[in-house]
Amino acid sequence: MKRLLSILLLLIVPVILHAQNSVHGTLVDQQTGTPIPGASAVVTGTTTGAVTNDVGAFTLTSDAAITSITVTRTGYAATEVAVTDASASLRIRLTPTTTTLAGVQIVANRPTPSVAVLTQQDLERASGLSLENSVNTVPGVFMQSRTPWGGVRITIRGYYPSTSGNSPNSNGLGYQVFMNNIPVTDASGATILDDIDYSTLGNVEVFKGPASSLYGSAIGGTVKFSTARPTPNETSFGQQVLGGSNGLLRTNTSFQTATSSSDLVLNYGHQTYDSFRPHSASLKDFVRASGDFDVADNQTVSAYFSYNRSFEELAGEIDSADFYNRRAVSNPAYIANDSHIQITSFVTGVTDNYRLNDHFTNQTTLFGSGRAYSQPFAHGFTDANQFSVGGRSAFGYSGQLGIVGVTGTLGGSLQRTNISTNGVFIIPAPPYVERPTDQENYAANASLFTEWNFAMPSQVTLTVGASLNKNEFGIRNMLKNNQLYDTTATQSKSFDAVLNPRVALTKGLGANASVYVSASSGSTPPLLSNIIANTGAVDLSLKPERAVQYEVGTQGSFFDNRLTGQVALFDVENTDKLVSQTANSVTFTTNAGKQRDRGAELSLSYLAIDNKTQPLSLLRPWVSYTYTDSKFIAFKSDNNNGANTVDFSGNAVPRVPRNMMNAGIDLGTSQGIYLNGTYRFVDKVPVTFDNSTYVKSYDLLGAKLGYKQQVDKHWSLNVFAGGDNLLGSTNYSFLFVGPNYKGLAQAPDGGTGDGYIIPASYKATFYGSLGLSYTF
């Protein structure tokens, strides 16, 4: 009996000891916090390893004690992590490398292949203060701004609602924007980015068209901002000073601290700008606090708060004669009324990421935001106060169904925005009638969403998803015949719920390439301001715009991941287009037609040198190209079909260049010197629905030369200088569009009277920056 017990002990004890030598954890992206599947985790110095699953989880076992593990993944820097407590779950953040393809992250069998990812290195390609220099390198994306530092509008794959260009604030419409999982887009559908501090971003994702069911399937797509996160296990204080042409001065003061399980960032930014033409100055202040905290092995809580002030003078649009003669002039009507946009805002939110078990997760975000803005414009003014509140929750699943791997998301979101507005619109023609407004309005939206990926044999992945969206507006007009009247009557518009399904099929070609085909539907309801005419009248008959996007493409990495590229062909068919029209000085919106956007996108990058031990440590040329054929289909000036109705069917869509190309080169040395060069070509574009007026093509050349080095144990230095529009091209930052510009009054300064262009600087502009950081 004793001999039998001894034999059993000899068999059991090694098993027990072997079970004790195990480590488990999760790998996530250092910037976005998203899980990283397919990464390798090995016991340092051995071949014992494991591969992370679809939620980034891994478990390592070893006969010997595990004191350190090394994790690697294509597109990320290899990381070695010390193991001090083998029983605790590790949460390891991997840092993206600097050598990913500009605008595209290549991941074979990715469920949403057409998503573009901009890393912190892409965002810092120029001064880092504006998003345009980086996001415009993404094929299919065209970002413009009404002022040098505000009034942003993003066009994705040729789509924009025809009403958005002439709205008073130039609000973005048709796409959704998120900051750290918090909606920047309010419940009315408007997206204002004047108060976003782009210099603090660490990652930007662009979903082209309704390519993801998880964010409401907006026709124009989804843009996700993530703020930069500090390096783990470091505490630092940083100060940056940047100056440039036309009175540009920017300071950033930051404090960052991080451990292996938490991080905190505090940042204050102050920016002033005088501009290259009269009445176009800018003043901005940004305060941000954000943090991520692992409160348990399976739970992380993230918090975000920002307070922002933005003041942008409006110089207004000018006519083509002034533009092509390169006159740095402003619109007299804007100057006379001291036109500007002044915004004070805050955004806050808390996100809880909880891993219920090896198969189920939950992410829940509660958020709130407030914005007060004042805008005198050329023919009146608008003051508004708004407050938004809401929540978003999504359950994730990862598991196996026989030989099929299954990952999926099911969730919902709610948002409500209350808006108080008052102002006056003065008809810009005799007898100059004043039309005051005073309204108490609200907007609410709700969305149910789901998306599932089925990884089948032979590297085939099927993706199916859908979103069910519901929108409602309420308008309480406080005035009637310019007098205060019954404030209890509220007119409401509740849109029918819209179901937007999506399906995609991806075929992997080895470990680093894939081909795909997808079909996605999307919808965009009118802005709250679209259902209110400038007289205060409410139109409850408007319908959401609808669209279906078809896409086929391929992407991959070759030659040991040195050559990376992507090709995509798309066809977007858009119905019930929203159009602004004016009759008898009354401006209103109507559903009046169809639009079709077809095109091709190409990205290509070659990593010729990537060796930090060589004098020339990095050499990467890259190019991206977009061809877009945007046409009006059955598109008319109104839906009356009367004698005055103009048919624009078959014409090119204004403001959408047919050809856009970007090319660049990235150089780096082992001594810390780096160089970024970028070239951009934008084709000519029509600015009228009747295609009678075009703006010429232009090209831009930019370059940035810098030196970045760890001076000693504590101090690090980053100094750079650069320039934009080095060729001195005549180019614009924003275009207004309309049916035509015939019959407009002669401009007082001798121009043609076709004012629709907001110019960018005609001359080269320069900037320089000094940044110091002290690590404790």
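Strands here are DSSP runs of E, at least two residues in length, numbered from the N terminus. The model on screen is predicted.

**Stop 1: the whole chain.** Colour by pLDDT. The mean for the chain is 85, and 87% of the residues reach 70 or more. Now select residues 163-169, where pLDDT stays under 50. In the model this stretch has 25 contacts beyond four places in sequence. Next select residues 742-753, which also have a pLDDT below 50. Beyond near neighbours in sequence, residues 742-753 have 16 contacts in the model.

**Stop 2: leucine 619.** Select leucine 619, which is found in strand β37. Then draw a distance from the C-alpha atom of leucine 619 to that of glycine 668; the separation is 6.7 Å, although the two are 49 residues apart along the chain.

**Stop 3: alanine 634.** Move to the loop between β37 (616-633) and β38 (659-669), where alanine 634 lies. Its phi is near 50 degrees, a positive value in a residue other than glycine. Alanine 634 is partly exposed, with a relative accessible area of 43%.

**Stop 4: arginine 157.** Select the loop between β10 (150-156) and β11 (176-179), and in that loop pick arginine 157. This residue is not a glycine, yet arginine 157 has a positive phi of about 55 degrees. With a relative accessible area of 2%, arginine 157 is buried.

Note on methods
Residues numbered from 1 in each chain as written. Predicted model: local features only at pLDDT ≥ 70, side-chain atom pairs only at ≥ 80, totals over all residues. Heavy atoms only, no water. pLDDT = per-residue confidence, 0-100. Contact = heavy atoms within 4.5 Å. Helix = DSSP H or I, 4+ residues; strand = E, 2+ residues; numbered from the N terminus. Buried < 20%, exposed > 50% of the residue type's maximum accessible area, 1.4 Å probe, protein only.
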